[in-house]
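Here is a set of questions and answers for someone meeting this structure for the first time. Please look at the sequence and the model before reading on.

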Amino acid sequence: KMSAQISNMRVADGDFDLHVKTGDDPSLKESSGHVWDNAPDFIILKNAGGTMIDMTSGEELRFDQGRGRQPAYISFGSKDLANKTYPPKPARKPKP
């Protein structure tokens, strides 16, 4: 079994196109498995041209939401593949 971190690095290296993480793993200890555990992988993927998408919202992972548990996400090796899987939401028009 390969860890999520190693899988994410394989995506960043171009060995894999994507990696799916189903989220709140009951086998994780209570003190682990928080969203910020993905921050290093997220930064490396972004610098390699990829991204990590929250499977619930369809948006990039966010790290400003407090002590949330690790969400279900997909790591993509390219933003093009991410946009095909989760098309960007249209920008909201400002109210007149």
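Q: Which helix gives the most to the lining of the second largest pocket?
A: This is a predicted model, in which local features need pLDDT of at least 70 and side-chain atom pairs count only at pLDDT 80 or more, while totals for chains, interfaces and linings use all residues. Residues are numbered from 1 along each chain as its sequence is written, and side-chain values use heavy atoms, with hydrogens and water left out. Strand E2 (51–54) and helix H3 (79–85) each supply at least two residues of the lining, where helices (H or I, at least four residues) and strands (E, at least two) are DSSP runs numbered from the N terminus. The element that gives the most, with three residues, is H3.

Q: What is the volume of the second largest pocket?
A: On a 1 Å grid over the protein atoms alone, a pocket is an open set of points where a 1.4 Å probe fits, with protein on both sides within 12 Å along at least five of seven lines, and lining residues have an atom within 4 Å of a point. Grid points are joined across faces, edges and corners, and a volume is the space filled by probe spheres set on the points. For the second largest pocket, this volume is about 150 Å³.

Q: How many charged residues are in the lining of the second largest pocket?
A: The lining residues include Thr51, Ile53, Lys79, Ala82 and Asn83. For the classes, Ala, Val, Leu, Ile, Met, Phe, Trp, Tyr, Cys and Pro count as nonpolar, Asp, Glu, Lys and Arg as charged, and the others, Gly among them, as polar. By this scheme the lining has five nonpolar residues and three polar ones, and the number of charged residues is four.

Q: What pattern does the chain follow, read along the sequence?
A: The chain has three helices and three strands. Taken in sequence order, these elements give the pattern α-β-α-β-β-α.

Q: Which residue in E3 does His19 stand opposite?
A: E1 and E3 run antiparallel and are joined by four bridges, and two strands pair if DSSP finds at least two bridges between them. Lys21 has Tyr73 as its bridge partner in E3, whereas the residue opposite His19 is Ser75.

Q: Why does Ser75 count as buried?
A: Ser75 has its place in strand E3 (residues 73–76), where Tyr73 and Ser75 point one way, Ile74 and Phe76 point the other way, and all are buried. Not counting residues up to four places away in sequence, Ser75 touches residues including Asn8, Val11, Leu45 and Met52, a contact being heavy atoms within 4.5 Å. Ser75 counts as buried because its relative accessibility is 0%.

Q: Which side chain makes a polar contact with the side chain of Ser75?
A: A polar contact is a pair of N or O atoms within 3.5 Å; within protein, one must be able to donate a hydrogen and the other to accept it, and residues adjacent in sequence count only if both atoms are side-chain atoms. For the side chain of Ser75 the distance is 2.6 Å, and the partner is the side chain of Asn8.

Q: Which residue in E3 is the bridge partner of Asp54?
A: Both faces of E2 are covered, with Thr51 and Ile53 on one side, Met52 and Asp54 on the other, and all of them buried. Four bridges join E2 to E3, and the two strands run antiparallel. Thr51 stands opposite Phe76 in E3, while the bridge partner of Asp54 is Tyr73.

Q: At what distance does the side chain of Ser57 reach the backbone nitrogen of Glu59?
A: Ser57 is found in the loop between E2 and E3, and it counts as partly exposed because its relative accessibility is 30%. From there, the side chain of Ser57 reaches the backbone nitrogen of Glu59 at 3.1 Å.

Note on methods:
Buried < 20%, exposed > 50% of the residue type's maximum accessible area, 1.4 Å probe, protein only.
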